[in-house]
Amino acid sequence: MARIAAILRALAVAFRRDWSSLVASGANNFLLFGMLFLQSAGLFLYLIAVLVLLLPASSDPLRTIPPVRLALWPLAPRERRLLRLLSPWLNPLTWLLAAVFVWALRGRVTFGLLALIAGLFAAGFLLSDLPVDPGRAIWRSIPSIPGPLGSLIRKNLREILCTLDFYCALLVSMAGLVWRISAHQVPPQAPIVIAIYVVLALSSHAQGLFGLDGESGFVRYRLLPLRGWQILAAKDSAFLLVSLLLTLPSAPFAGIGAACLALAVGHGPSVKSRHSQLRWRFSPGSSFGTGLTQVVALTLAAAATAVGGAWVILPALALCAASAFWYGRGIESASW
Amino acid sequence: MISCRNLTRRFGDFTAVDHLIFDVSPGGICAFLGPNGAGKSTTLKMLTGLLPPTSGEAIVCRLNAAARSVTLKRRIGVLPEDLGLFDDLTVEEHLLLTGRVYGVSHDETRARAAQLLRALGLASASRTFAVACSHGMRKKTALAMALLPNPDVLFLDEPFEAIDPVTSKIMQELLASAARRGTTIFFTSHILTAVERIATQLILIRGGKIVHNSLAGDWPKSLEDLYFELVESPATEDLAWLGSPQS
């Protein structure tokens, strides 16, 4: 029993760190400003964020121990069964599920809601235990892109698909599309607002463009015979492509304009204060001030396309390019 | 081809590399040896432009390494300490990226990549993402990236460590034949047999200072004896509890 207690204690520490990285989304623009602007009307955005968070939050705590290490430990079969039984209770969601179950028994919540929450939790729990080959995952299936920077753009697209920001933006985009199709009367400004929220959901990633490359990736960038602006151009291309695809159902020009400004503001913190980011988490953003600047800039850019037309994306692109050129020099002179 | 003049790097009060002076001629294979923390990787980072020196200069291909010009980067191939791989690219995609970025034609890149994958025993893992590769496979991928553009100078940080014996032997032969054709090679290693087999120049470093620099044939004794004498001798402490009945 002492062995199991020691393992559970270590598991609790590891899982708490994992969880804190999940909820420490700091200055994420979508979570911070989305709700700030909409206040009580932002409940829908909160629901989207919770839905996106629920899958990684439901993961099996036991998976934090490498399977090889678990297999090597001198545990009796009875101890392994006990560990399997007790470890899920390290996840706060298990306790929440138990509470919902009790409420359902007392008639305070419906069994339908219980089934929905339990289903989502079970999906997250079981998915985290599946021995999925990361190479076969759907988010890796990006076709080859031509050009000297094609391989880098492809890699950057794969990185974006490993952030929760993308899935939030995707849900907002899809919800907006469904609403536009099903609603009798859609206000003319609605597509612009949807595009703003899509880019808002993606924008924090633009503040940490190198977050998923890690130190190893950054070393490679420094060794490649590329100028700093070319490296940022590959990052920007991937971000703009995702923004374009997700704002196609709403207002693509507004989306591209907004994305350009999000990038123009985000290049500085991406290069100057490189912070690492975990996969399947919200991009944390660099600071409240940067986030606020980004949100104001992207909103103005999207609004300007509504007033001034599609040509507004040209100065937005120029600003983005100038910013990439300026901060690209920072990549060339960086040292550690 | 490589020239260091009083190359120095300090981190605060600590001097990692202290006034290094040495030259490596074209086509030479220079082994740069020393214990962990001696300053080998720091020197390599300065030679490849990854780290600016505090004072002194490193000249590679007649270009100042500290300037970090794109021209110099095109002429050198590097196997860095932490390999410099992207988790989101496969082994083969790393090689295709290298060919494109270094300006090698598409057909030539494909041909060289296929040859390298075969030579280094990576063919079966070509579609494996770097994140899913073993350390040895990752190292071979990084080495293939260094070789693919056919650089004038190769800088390799511990190329033979964590590599299976067959691939290690193949790599040694590849490097020796590349050097015969004019490629200059500068590498660090702890595998003394590999060093003895291919190196044409030996530099030993201890505490950031060069303690020995000679050409092959000028070594006064076996490399292992020389290393233990000049760099560090093995002092073992007996762990009395190891092997005794369990308490």
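Tutor: A residue counts as buried here if 20 or more other C-beta atoms lie within 10 Å of its own. The model is predicted.

Student: Which residues of helix α11 of chain A are buried?
Tutor: Helix α11 of chain A covers residues 214-223. With the cut-off of 20 or more other C-beta atoms within 10 Å, the residues in this helix that count as buried are A:G217, A:V219, A:R220, A:Y221, A:R222 and A:L223.

Student: Which elements of chain B do the buried residues of α11(A) pack against?
Tutor: Within chain A, these buried residues pack against α12 (228-247) and α15 (313-333). They also pack against two elements of chain B, namely α2 and β6 (76-79).

Student: How many residues does each chain bring to the contact, and which element of chain B gives the most to it?
Tutor: The contact takes 24 residues from chain A and 28 residues from chain B. On the chain B side, α2 (70-75) and α3 (91-101) each supply at least two residues. With five residues, the element of chain B that gives the most to the side touching chain A is α3(B).

Student: How many nonpolar, polar and charged residues does the side of chain B that touches chain A have?
Tutor: The contact takes 28 residues from chain B. By class, the side of chain B that touches chain A has eight charged, three polar and 17 nonpolar residues.

Student: What radius of gyration does chain A have, and what would a compact globule have?
Tutor: The C-alpha atoms of chain A fill a box of roughly 70 × 55 × 35 Å along the principal axes. Because chain A has 336 residues, a compact globule would have a radius of gyration near 20 Å, and this agrees with the value for chain A, 22 Å.

Student: What radius of gyration does chain B have?
Tutor: The C-alpha trace of chain B spans about 55 × 55 × 40 Å along its principal axes. With 247 residues, a compact globule would have a radius of gyration near 18 Å, which agrees with the value for chain B, 19 Å.

Student: How many helices and strands does chain A have, and how many does chain B have?
Tutor: Chain A has 15 helices and zero strands. In chain A, 42% of the 336 residues count as buried, while in chain B 46% of the 247 residues do. The counts for chain B are eight helices and 10 strands.

Student: What share of contacts between residues at least 6 apart in sequence joins residues at least 24 apart, in chain A and in chain B?
Tutor: The share concerns contacts between residues at least 6 apart in sequence, and in chain A 83% of them join residues at least 24 apart. For chain B the corresponding share is 66%.

Student: Which residues have the most contacts inside the largest nonpolar core?
Tutor: This core has 149 residues, and those with the most contacts inside it are A:A258 and A:L298. Its largest share, 12 residues, comes from helix α13 (residues 252-272) of chain A. Beyond four places in sequence, A:L298 is in contact with A:I196, A:V199, A:L200, A:S203, A:L261 and A:A262, as well as A:A258.

Student: Is B:L156 buried or exposed?
Tutor: B:L156 lies in strand β7 (residues 153-157) of chain B. Not counting residues up to four places away in sequence, it touches B:L79, B:A146, B:I185 and B:F187. Because 24 other C-beta atoms lie within 10 Å of it, B:L156 is buried.

Student: In which sense does β9(B) pair with strand β3 of chain B, and in which sense with strand β10?
Tutor: Strand β9 (residues 201-206) of chain B has five of its six residues buried. With strand β3 (residues 29-33), β9(B) pairs in the parallel sense over four bridges, B:L202 being the bridge partner of B:A31. With strand β10 (residues 209-215), the bridge partner of B:I203 is B:N213. The pairing of β9(B) and β10(B) runs over six bridges, and its sense is antiparallel.

Student: Which residue in the turn between β9(B) and β10(B) has a positive phi?
Tutor: β9(B) and β10(B) form a hairpin with two residues between them. The residue in the turn with a positive phi, of about 60°, is B:G207.

Methods: Residues numbered from 1 in each chain as written. Chains lettered and ligands numbered in written order. Predicted model: local features only at pLDDT ≥ 70, side-chain atom pairs only at ≥ 80, totals over all residues. Contact = placed C-beta atoms within 7 Å. Nonpolar A, V, L, I, M, F, W, Y, C, P; charged D, E, K, R; others polar. Buried ≥ 20, exposed ≤ 12 C-beta atoms within 10 Å, placed from the backbone. Pairing = 2+ DSSP bridges. Rg over C-alpha atoms; globule rule 2.2 N^0.38 Å. Core = buried A, V, L, I, M, F, W, Y, C linked by C-beta atoms within 7 Å.
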